[in-house]
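Visitor: Could you take me through a single part of this protein in detail? I would enjoy a close look at one helix and the sheet beside it.

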Amino acid sequence: MTGARMIVAWAVVAATAAGGASACTNIVVGRKASRDGSVMAAYSSDITIMPQLLRIPGGEHEEGETVEVKGWELDDVRGRVPQARRTYSVVGLINENQVSIIETTTGGRRELRDRGGLLDYDALMLLVLQRAKTAREGIALIDSLCREHGYGSGAETITVADKNEAWIVELINKGPGRNGIVWVAARVPDDCITAQANMSRITTFPLDDPENWLYAPDVISFAVEKGYYDPASGEPFSYRDAYHPDHGPSARRACAGRVWSVYRRAAPSANFSDAWFRGEEGCEDYPLFIKPDKPLSVHDVMELMRDHFEGTPHDMTKGPEAGPFNSPFRLRPLVFHVDGNEYMWERPVASPHAGFTVVHQSRANLPDAVGGVTWFTPDDASTSCFTPFYCGIDALPESYVGGGDDYQKFSWDSAFWIMNLVSNLAYDRWSHVFPDVRAAQARQEGEILRMREAVEEAAAKLAATDPELARSFLTSYSVSTAEKVFKNWRELAETILTKHVDGYVKDADGDARAVGYPEEWLRHVVKSRPGRFTVPAKIGVTDY
């Protein structure tokens, strides 16, 4: 068992390049919108990378010490900054105080980008996690670190959550040669959820509600200086209109569709229309926050991260584009051309190019070491399995941090590669293979969730009398549970490969049977090529 890195590379801006293969989706849940009082923050980092879990120990530091500025890649040292006198341990993207951070890239005005800043978004997030005791402290650190050292990424929406509240922070550079950022932060109402997907969502906001809205002092004056906003227009200032203009139909299709699908599943009674994300003119955007029809469990949020628009007119498992086996898998690029015309695939929450997916929980009714947990899985959430890592643990499972750390070479000892193996075995034969994956998910995650209350009750009692023993207990539980998930998923891959082989499916006795193609797809084939498959005379034998 060892600490290691979580590799997270650049996110290409879907809002400005809908055909880009890199993007992220976030779901944030207020504590009264969750079933158990959790503040939750879910994050799919959708990019072709090999993610590994991160653990950074905290501690006391001498005055004058400095620390290397690193992103998720350990060898990517960008410089040094003064070290804080006290830092906190980090597991994944949650720290020992139950502060968690997630992000989605929004792009914004290209002329404001400045790659010269020392802090890319990933390095910024790591520094904040190591220094923040609360979400509000995290917001202040984002601002101060960028002013002091410069921000080198494009525009972002960064969610900072703790055990009491969650905030979404939209930020953007000030352009080459100018340190600092302009930003606005919205507190997620306790009884609400929100979703972010590569598109700025904050428009107008109150200037006199510091309990729920924070912002850079020059967020409006800078826009005026740059000509992005004219106070004489009589229009209220809108952050999105000033710094993220021209979200056209393709960007809505690629980004807002994910927000719509999260909202329509969490609050079906609201009957949210798909018109805005489909690019229709004169339609209203989706609310920044909504109340779910019922409080969400952590498992509900996991399921939202597995969405392919199922049950809607945009269901990616339906139609000829889903192939004969109803697969939601679509090869990139997102935008494609046929006979000089431009088209787009749907862009779902659950993406094949996900590097990892997490659901963070922070809970005020439990000791920090027990209340903070990151449910982590490599790869696409729809075909993978979440496992819990508590924020106070001091070791990680080898299969999630080692066992092969090469994106160019498959390893049977790597959770990343095993999850990908199962995913890729399922994509092309979805209707046959996915039920096996789904059953394995329900069995494995169900077992973990059923045991969780007893595990956390025991850990909380230990934390009250012996914090170190509680840490050891949770470390052992997190590591052993993850290794069991890994072992079971490796067995699932082997089972899929042997059960679904050469176009046959083996029954319980091991006998192979031909499964053929669905009649609906065969009808499409026959109609697309009239006469091509007609049998000239009746043949008594159907297989040769």
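Guide: Happy to. Let us take contact to mean heavy atoms within 4.5 Å. Helices (H or I, at least four residues) and strands (E, at least two) are DSSP runs, numbered from the N terminus. This is a predicted model, in which local features need pLDDT of at least 70, side-chain atom pairs count only at pLDDT 80 or more, and totals for chains, interfaces and linings use all residues. Residues are numbered from 1 along each chain as its sequence is written, and side-chain values use heavy atoms, with hydrogens and water left out.

Helix H10 (residues 430–465) lies across E18, E19 and E20, at about 20° to E20; axes are lines fitted to C-alpha atoms, for helices over the stretch in contact, and angles run from 0 to 180 degrees between N-to-C directions. The open sheet has 6 strands in the order E14-E1-E2-E18-E19-E20, with antiparallel pairing (at least two DSSP bridges between two strands). Its edge strands are E14 (193–196) and E20 (387–390). Within the sheet, E18 (residues 354–362) and E19 (residues 373–378) pair over 6 bridges, and Phe 356 has Pro 378 in E19 as its bridge partner.

Now to Arg 452, found in helix H10. Beyond neighbours within four places in sequence, Arg 452 contacts Asp 36, Val 298, Gln 361, Arg 363, Trp 375 and Tyr 390. Its side chain makes a polar contact with that of Gln 361 (3.0 Å); such a contact is a pair of N or O atoms within 3.5 Å, where, within protein, one must be able to donate a hydrogen and the other to accept it, and residues adjacent in sequence count only if both atoms are side-chain atoms. Arg 452 is buried (under 20% relative accessible area, 1.4 Å probe, protein chains only), yet has no salt bridge (a side-chain nitrogen of Lys or Arg within 4 Å of a carboxyl oxygen of Asp or Glu). The nearest side chain of opposite charge, Asp 36, is 4.1 Å away.

Terms used: Buried means under 20% relative accessible area, exposed over 50%, partly exposed in between (1.4 Å probe, protein chains only). Lys and Arg count as positive and Asp and Glu as negative; His and the chain ends are not counted.
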